[in-house]
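Colleague: I am new to this structure. Could you take me through it in a few questions?

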Amino acid sequence: AGESQSQSPSEAGEVLDMSQYRMYASMLQQYIHQPFFADLRTQQQLGYIVGATVQQLNGMASICFIVQSAKYDAVELKKRIGEFLEGFEFTEERVANFESIK
């Protein structure tokens, strides 16, 4: 069975195929993974397993944020992940760090 080539319009009016969505999701995951881990695992010490990964859900490439904790319930973890995402900024320093590890 072949891969679905369903398409969706982008903001620029272009049409992106699923492989492009996966590529962009993968790039964003690589960019956000280290700051996510540093904040939720190292600084907040929410859990031992903390990460961000790309998954394909319902035909769409998505970034999944994972935190496994023995100390906090799912409601608290969801709140903390949301706070991280709301406060996350694309700074020049982060872009430079990302460029250096690509």
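The questions below concern a predicted model.

Colleague: Which residues of helix α2 are buried?
Modeller: Helix α2 covers residues 74-87. Seen down the axis of α2, its buried residues fall within an arc of 100 degrees, so they line one face of the helix. On the other side, Val75, Lys78 and Glu86 are exposed. The buried residues are Leu77, Arg80, Ile81 and Phe84.

Colleague: What covers the buried residues of α2?
Modeller: Leu77 and Phe84 are among the residues in question. Their cover includes α1 and β4 (60-68).

Colleague: Is Arg80 buried or exposed?
Modeller: Arg80 meets Glu76 in a salt bridge, at 2.7 Å from N to O. Buried means under 20% relative accessible area. Arg80 has 17% relative accessibility, so it counts as buried.

Colleague: Which residues are linked in a network of salt bridges?
Modeller: An α-helix has 3.6 residues a turn, so residues three or four places apart point the same way. Glu76 and Lys79 are three residues apart in α2, and their closest N and O atoms are 3.6 Å apart in a salt bridge. Lys79 also forms a salt bridge with Glu83, at 3.7 Å, and Glu76 forms one with Arg80. The network links Glu76, Lys79, Arg80 and Glu83.

Colleague: Which residues make the nonpolar surface patch of about 300 Å²?
Modeller: One of them, Tyr24, lies in helix α1 (residues 18-43). Tyr24 is partly exposed, at 44% relative accessibility. The patch is made by Met23, Tyr24 and Met27.

Methods:
Residues numbered from 1 in each chain as written. Predicted model: local features only at pLDDT ≥ 70, side-chain atom pairs only at ≥ 80, totals over all residues. Heavy atoms only, no water. Patch = residues over 30% accessible without salt bridge, like charges linked within 9 Å, V, L, I, M, F, W, Y side chains within 5 Å. Areas by Shrake-Rupley, 256 points an atom, 1.4 Å probe, with all protein chains shown as cover. Salt bridge = Lys/Arg side-chain N within 4 Å of Asp/Glu carboxyl O. Helix = DSSP H or I, 4+ residues; strand = E, 2+ residues; numbered from the N terminus. Buried < 20%, exposed > 50% of the residue type's maximum accessible area, 1.4 Å probe, protein only. Expected span 1.5 Å × (residues − 1). Arc of directions from axis to C-beta. Contact = heavy atoms within 4.5 Å.
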